[in-house]
Amino acid sequence: MKKLVSALAALALACTLFSCGGKKAGNSGKKVVGVAMPTQSSERWINDGANMKKQLEAKGYSVDLQYAEDDVQMQVSQIENLIAKDVNCLVIAAIDSTALVNVLDQAKSKGIPVIAYDRLLMDTDAVSYYATFDNKGVGTAIAKYIEEKKELKTAKAEGRSYTIEFFMGSPDDNNALFLYNGVIEVLGQYLDNGVLKCKTGRTTFDKTCILRWSQETAQAWCENYLSGFYDNEKLDIACSAFDGFAYGIKAALEGAGYTAANWPLITGQDAELMATKNIIAGTQTMSIYKDTRLLASKCVTMVEAVLEGATPEINDRKQYNNGKLVVPSYLCTPVAVDKDNYQSVIIDGGYYTKAQLGL
């Protein structure tokens, strides 16, 4: 009898220490947040993951951070494993959200709330909130920068025109279409009136989207464009939706013999460290600065809301319909950075140091 009592006592102690029964909260007793990020091939996602982990841990949560290296099935498996561990909440930056519908149903059936991070989770009612940047606003900011720097508003009256090619985001990323729409909303009028000339004729989203945001594809496209359409006329503008594309475009231009004397205006997005160095050097004109610390903080408030019964700050309840519901969202404001303001925005803002930038 004493042995039985001792065994039961030991079992009770073990259950106390390791959260037996009900939803697990980790061996530490902390609530666990599973964070699924798409890839470590981009500096941007590394920063996102690090900021998310740091801020959630500062709030007292335990974090299980996973990267799927742009492998859709790997991300599905990682999320399945997080669900099997009974995490208390999931934060997901999807590679291809249409592939996650079934696994998100599993999360919902187990009562695990889901937050969409930067990329909207489509065709599911399992998502509670969405934290992102104003994706159409990113496209608008890129296009308005081109409009201002090339003085497009007065170009037709003054007899000026410019060649332009487009390098847009991945077709399986809902953000990419929002960005494209923002670009065309501003620049479409100039394509129509001949101020902007796209010699390849590739101006629709379907013709300009690059799967998985591939730098290599962007470089190959640009090489083909330069050799096939720009033998006798230079490219003036490369409207790129991502810093990685800008790196590929830069390599293609250098291979084609472009120099500082005829270097085109090149846009980007994310203000990666290399992109910022290129802006300083003059081989990339601008990028969209997206402070991942701010985005992470907004997402953390959403995690707190679903776990602690709080209400997060929401500034959009109309724009992001995922096919099943309009997802309550917080949209952070993108900022265009170039050689004129990188010091005040990026360095003074504490995002990169002068030493990191080689200054």
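Predicted model: local features only at pLDDT ≥ 70, side-chain atom pairs only at ≥ 80, totals over all residues.
How do helix 5 and helix 6 lie to each other, roughly parallel or oblique? Residues are numbered from 1 along each chain as its sequence is written, and side-chain values use heavy atoms, with hydrogens and water left out.

First, the helix pairs. Two packed helices are described by the angle between their axes and the distance between the axes. Helices here are DSSP runs (H or I, at least four residues), numbered from the N terminus. The axes are lines fitted to C-alpha atoms over the stretch in contact, and angles run from 0 to 180 degrees between N-to-C directions.

Helix 5 and helix 6 have axes 6 Å apart, at an angle of about 30°. They are therefore roughly parallel to each other; that word covers angles under 35 degrees, while over 145 is roughly antiparallel, 65 to 115 roughly perpendicular, and the rest oblique. Helix 5 passes helix 6 in a right-handed crossing. Right-handed is when the near helix is turned clockwise from the far one by less than a right angle, and left-handed when anticlockwise. Contact means heavy atoms within 4.5 Å. Nonpolar means Ala, Val, Leu, Ile, Met, Phe, Trp, Tyr, Cys and Pro; charged means Asp, Glu, Lys and Arg; the others, Gly among them, are polar.

Next, helix 2 and helix 11, the latter being residues 292-308. Their axes come within 9 Å and cross at roughly 45°, which makes helix 2 oblique to helix 11. The crossing of helix 2 past helix 11 is right-handed. Met52 and Leu56 of helix 2 are among the contact residues, as are Leu295 and Val300 of helix 11. The contact divides into seven nonpolar, five polar and three charged residues.

Asp243, Tyr247 and Lys250 of helix 9 meet Met274, Ala275 and Asn278 of helix 10.

Now the pockets. A pocket, on a 1 Å grid over the protein atoms alone, is an open set of points where a 1.4 Å probe fits, with protein on both sides within 12 Å along at least five of seven lines; lining residues have an atom within 4 Å of a point. Volume is the space filled by probe spheres set on the points, which are joined across faces, edges and corners.

The largest pocket holds about 430 Å³. Its lining has 32 residues, and Ser42, Trp45, Arg119, Trp213 and Phe242 lie nearest the centre. Helix 2, helix 5, helix 6, helix 8 and helix 9 each give two or more residues to that lining. Ten lining residues are nonpolar, ten polar and twelve charged.

The second largest pocket has about 290 Å³ and 15 lining residues, with Tyr145, Gly282, Gln284, Thr285 and Lys339 nearest its centre. Helix 10 gives the most to this lining, three residues. The classes here are seven nonpolar, three polar and five charged.
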